[in-house]
Amino acid sequence: LARRVPDWDPHVDEEKLAHLAESLRAGTYQRLFETQHIRGDGRAIDVEVSINYLRHEDNEYAVGYTRDITDRKRQEQRIEESEAQLAAIFDNSNIGIMLIAGQRVYVKGNQRLADIFGYASPEEMQGISMRALHLSEERFESFGRQHYQSLSNHDVLQLLYQLKRKDGTPVWCSLSGKAVDSHRPADLTQGVIWVVDNIEARKRYEETILRKENQIRAIFDNIPYLAWLKDSDGRYLLANKAFSKTTNIPVDEIVGKTDLDFWPQELAQKYQADDQAIIAGKSQLHTEELVKAEGKEFWVETFKSPIFDDEKRPIGTVGLAIDITRRIKTEQALREAEQQARLLLEHSYEGIFGLDPNGITTFVNPAAANMLGYSVDELVGKPNHDLIHHSKEKGTPLPAESCRMLMAAKEVKDFH
């Protein structure tokens, strides 16, 4: 009780304390605020403080309470970090993302969205009605009637749709919508998140692939990975040079053949089953798998997607395959190295510690724990100095600021 405020609040000195008293008398002091206090063990904690001025029988008092908000501050920090990560993803995404609310009015979007629709920035789109992005009023109304019931039911809504740029020109887009409100049915005025991608190139590709194969091949042949296009029966319509090099078959001879003409039967049948599942489900497929062919083993990452005609009927698949053997081996080597390091730490006869900048033990091996007469669990997460390094050889106290272990952790340099 004899301690004064500066003893436990590192942010308050005598001058600030005097100012605090004057502010309380004048009624101008912020009565609820957050700060840090120093516990009896020397550890700083986040607190919420409430102070009120009281005058009784010519005596002045500052009456207050303190609440530990350390856990809340940690949660707030995690939330801030998550929000920062989400904002970075949102701003740097290569697909358009937007939030509309109320009567289908634009609220927020990223730069990619603005680029798709020909606006200089997301801010330029602020407050516009979605009518401005539809080719006509009739299409705007029809879109709402056809799809907003599905959104309110939380159905997965994915479709290809032609919208309008700022200059009035049409643009084909892939749209994926999700209601913000989690209730059923959802209140769509609270918001709908739309993911929008410009698929003009893809539409032109689908419409002209058979009659403009030579033009598309120029693009395919510059892809450094295996790339191909198949019809709904699994016959190749197009393949690139990387595919030709892998199969040792000229590009022109690949067209019209199936997987059974290139790969071992078991592998070819699996590829055909994957293609049929993609077409039937109208969905994409991403796999990483170990492939064994002609006495060799290698890891392959594969992307497959269905293609559709104007009436949204699936007419085939497009795919891309990447040899990721080197990456997989690197990941395996890293895991093995981590395991070896962990075994070395656990079985070393020398005591090994790890401290964070606050002097909290982050790891300790069994040898160190045994030397000190503790279990590993008794040391990890605890202030190292307070437990094992608080006294000099003759028993006199060792101040934390003179502790070489703490100095090494805080200043990130060697002390002996």
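Select Arg74 and Asp71 in helix α3 (residues 70–92): being three residues apart, they are separated by about one helical turn. Helices here are DSSP runs of H or I with at least four residues, and strands are runs of E with at least two, numbered from the N terminus. This is a predicted model, where local features need pLDDT of at least 70, side-chain atom pairs count only at pLDDT 80 or more, and totals for chains, interfaces and linings use all residues. Residues are numbered from 1 along each chain as its sequence is written, and side-chain values use heavy atoms, with hydrogens and water left out.

Arg74 and Asp71 form a salt bridge, their closest N and O atoms being 3.5 Å apart. The term means a side-chain nitrogen of Lys or Arg within 4 Å of a carboxyl oxygen of Asp or Glu. Arg74 is partly exposed at 43% relative accessible area, and Asp71 is exposed at 55%. Buried means under 20%, exposed over 50%, and partly exposed in between (1.4 Å probe, protein chains only).

Next, select helix α10 (residues 265–281). Its buried residues include Leu267, Tyr271 and Asp275. Seen down the axis, the buried residues of α10 fall within an arc of 130°, so they line one face; the arc is that of the directions from the helix axis to the C-beta atoms. Gln265, Glu266 and Ala280 are exposed on the other side.

Lys230 lies in strand β9 (residues 226–231) and Asp275 in α10, so the pair ties together parts 45 residues apart in sequence. Lys230 is buried at 1% relative accessibility.

Terms used: Expected span 1.5 Å × (residues − 1).
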